[in-house]
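Have the structure open beside you and follow along point by point.

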Amino acid sequence: MRDVAIIGTGQTKFGRWDKSNTELFCDAALEAMEEANVDQKDIEAVYAGAVFPGFEEGQCNIGGHLVGSLHLGNIPATRFEGACCSATVAIRDAYIWVASGFYDIVLAGGTERALSMGTPFATKTFAMANDCKYEGNVGITFPGVFAMAARRYSKIYDIPLDKLREKMAHVSMKNHKHGALNPLAQFYQKMGNLKVEDVLNARMACDPLTLLDCCPFSDGGAATIITSADIARRYTDEPVYILGVGQGSAGHLGAQEDITKPASRVFSSRSAFKHAGLGPKDIDIMEIHDCFTSAEIIASEAIGFFDWGKGADAVEEGQTDMGGRPVINPDGGLMGKGHPIGATGAAQVHTIVEEMKGKAPKGNQVDPVPEIGMTDTLGGGFNTLAHLILGRSRR
Amino acid sequence: MKEYYVLTAKDFYDGLKEDKLLGLRCKECGQITCPPLPTCQWCGSKDLEKTELSGNGEILTFTLTDVPPEGFEPHYIVCLVRLDEGPTIMGRLDYDAEKVTVKYERSQELIGKKVKAGHIVLPADKYSMGEKLVPLFKVV
Ligand SMILES: CC(C)(COP(=O)(O)OP(=O)(O)OC[C@H]1O[C@@H](n2cnc3c(N)ncnc32)[C@H](O)[C@@H]1OP(=O)(O)O)[C@@H](O)C(=O)NCCC(=O)NCCS
Ligand SMILES: [Zn+2]
């Protein structure tokens with residue numbers, strides 16, 4: 001297997017867009033191609049995360065339309081669907097195909113128009129990521145899954161629910177503070193100075209989660225250019241290397257032993273660490289799938305940054321804020337930046353790459369420039385998990 | 001071709017309609033799988049037989065849904081219940097909505113409470129392959 005690098009990334013602003021999924025993907029793709037300095041004829045395959053283009057705009061089979069729009073000839077294009085994890089799954093596959101030597105350069109990213117669907121229908125389609133027969137039919141939503149996880153966490157670790165909600169509020173305060181400083185974020189220049197009470201007293205979304213415990217629905221696209229480490233040198237002096245990848249799966253929530261200790265996430269993150277020959281202590285900067293405040297806490301434990309039951313204290317104490325270690329979601333995360341689900345994983349990579357080049361927006365840039373970063377992306381009720389470990393130096 | 005499912009989703013729903021909670025007993029490890037799968041959820045064996053469960057269990061966690069998917073009426077309670085026979089399943093909880101919110105100080109005390117399964121029928125939608133049969137738990 002060859003070493004693999006990222007030579008370009010692009011991201012549209014997240015929020016509400018009057019553009020199609022193809023247009024959002026292509027905007028991000030062309031930005032990534034321009035940054036990488038690759039020509040259309042250099043790209044050999046397109047891997048695109050897109051979860052609901054059929055429901056959003058009546059578009060299936062989006063791959064060919066991406067290739068056609070970008071004038072990439074007749075190269076193969078494949079849509080990847082792993083709910084909110086789709087783009088990370090696409091990038092992991094791009095990694096594998098490039099590492100194997102089958103392709104030299106792959107365009108991998110994602111797109112989504114979830115905000116444009118409106119809350120009731122978006123909630124309906126998102127809930128389709130659960131087991132349709134035994135979970136979706138009950139009326140469970142994703143806020144519901146993480147509301148249930150919060151109550152379970154409170155019970156298991158004997159943290160009174162009120163106290164836990166205060167600790168959870170710090171996830172929202174931290175991520176919105178960062179999102180407010182990120183020009184590509186849905187909530188740019190908004191909610192940069194939340195207080196615990198603001199989060200607790202916001203409108204209830206799914207008890208005990210308020211609106212501010214949740215990420216929003218979003219439209220947006222993001223893309224990356226993946227190539228071998230050797231070829232990367234022809235295009236850029238600043239490649240970012242993919243040091244490890246992991247992916248994991250699990251069935252319906254009931255069959256998972258403990259929804260506060262998601263086994264699929266443990267499996268995926270451990271696979272990525274093993275692959276990279278690194279551990280949680282090596283990570284300077286982390287993009288975590290903070291779809292809900294409780295979700296970030298659970299993830300920070302499952303990846304191995306904190307002991308079980310200690311993630312809530314860690315965020316309250318500021319251990320994952322700027323100056324802490326690892327810094328979690330310096331770009332605002334899903335909560336502040338937005339969550340166009342098919343694109344999210346590629347946007348996480350975009351952030352880590354920008355951080356590693358010292359080009360992140362003011363207030364988002366981690367100092368000193370991070371050497372090793374990681375992304376964590378979750379699809380459904382822990383049904384699909386994927387992790388990428390990125391580094392400034394080749395091993 | 002051999003059909004591997006000893007109990008399908010349709011069979012499971014048909015059971016629920018009569019307030020029978022159906023599952024599978026593993027002939028290798030003796031444990032119970034519910035809802036149905038083609039393999040034992042504990043050991044992976046395909047050697048399974050249909051069995052009727054007691055419907056008894058305890059609440060692991062729950063939530064009140066204020067923002068439901070299109071086609072669902074708020075405000076209903078979703079819960080995860082660990083059945084006495086071992087597996088955990090999702091269902092609705094028939095309970096006072098006021099008492100499952102954070103505003104009610106003792107709401108967490110519901111966790112661990114014993115429940116028994118019945119069922120509710122929710123209307124079909126475009127995607128649901130007919131009406132939805134959902135376990136409905138009542139505190140006993
Ligand atoms: C929380 C949620 C229910 C709010 O939806 P809603 O009640 O329909 O809210 P609206 O869309 O009417 O928005 C009302 C206002 O709140 C803001 N808002 C919406 N969601 C927000 C959020 N999550 N955080 C902060 N502000 C939010 C909107 O921008 C809008 O502000 P404005 O009045 O200044 O324009 C919805 O965003 C949600 O379900 N999020 C979770 C998405 C999800 O499950 N993702 C998958 C995770 S794996
Ligand atoms: Zn068995």
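How much area is buried between chain A and chain B, and what percentage of it do carbon and sulfur atoms give?

1. Some ground rules to begin with. This is a predicted model, in which local features need pLDDT of at least 70 and side-chain atom pairs count only at pLDDT 80 or more, while totals for chains, interfaces and linings use all residues. Residues are numbered from 1 along each chain as its sequence is written, chains are lettered from A and ligands numbered from 1 in the order in which they are written, and side-chain values use heavy atoms, with hydrogens and water left out.

2. Now the answer. About 3400 Å² is buried between chain A and chain B, and carbon and sulfur atoms give 62% of that; buried area here is the accessible area (1.4 Å probe) that two parts lose on being put together, summed over both. On the side of chain A, Tyr134(A), Val138(A) and Arg151(A) lose the most area to chain B, together 22% of what that side buries.

3. Who takes part? Chain A brings 37 residues to the contact and chain B brings 42 residues, where contact means heavy atoms within 4.5 Å.

4. The rule finds one salt bridge between chain A and chain B, a term for a side-chain nitrogen of Lys or Arg within 4 Å of a carboxyl oxygen of Asp or Glu. Lys124(A) and Asp125(B) form a salt bridge, with their closest N and O atoms 2.7 Å apart.

5. Which elements supply the chain A side? Helices H5 (119-127), H6 (142-156) and H7 (161-179) and strand S5 (204-207) of chain A each give two or more residues to the side that touches chain B; helices (H or I, at least four residues) and strands (E, at least two) are DSSP runs, numbered from the N terminus. H6(A) gives the largest share, seven residues.

6. Strand S5(A) also deserves a look. Two bridges join S5(A) to strand S4 (residues 56-65) of chain B, and these strands run antiparallel; two strands pair if DSSP finds at least two bridges between them. Asp207(A) has Leu64(B) as its bridge partner in S4(B).

7. Finally, the sheet in chain A. Its 10 strands form an open sheet with mixed pairing, in the order S3-S2-S4-S7-S1-S8-S12-S11-S9-S10. The edge strands are S3 (77-80) and S10 (327-328) of chain A, each pairing on one side only. Within the sheet, three bridges join S1 (residues 4-11) of chain A to S8 (residues 240-249) of chain A, and the two run antiparallel; Tyr241(A) in S8(A) is the bridge partner of Ala5(A).
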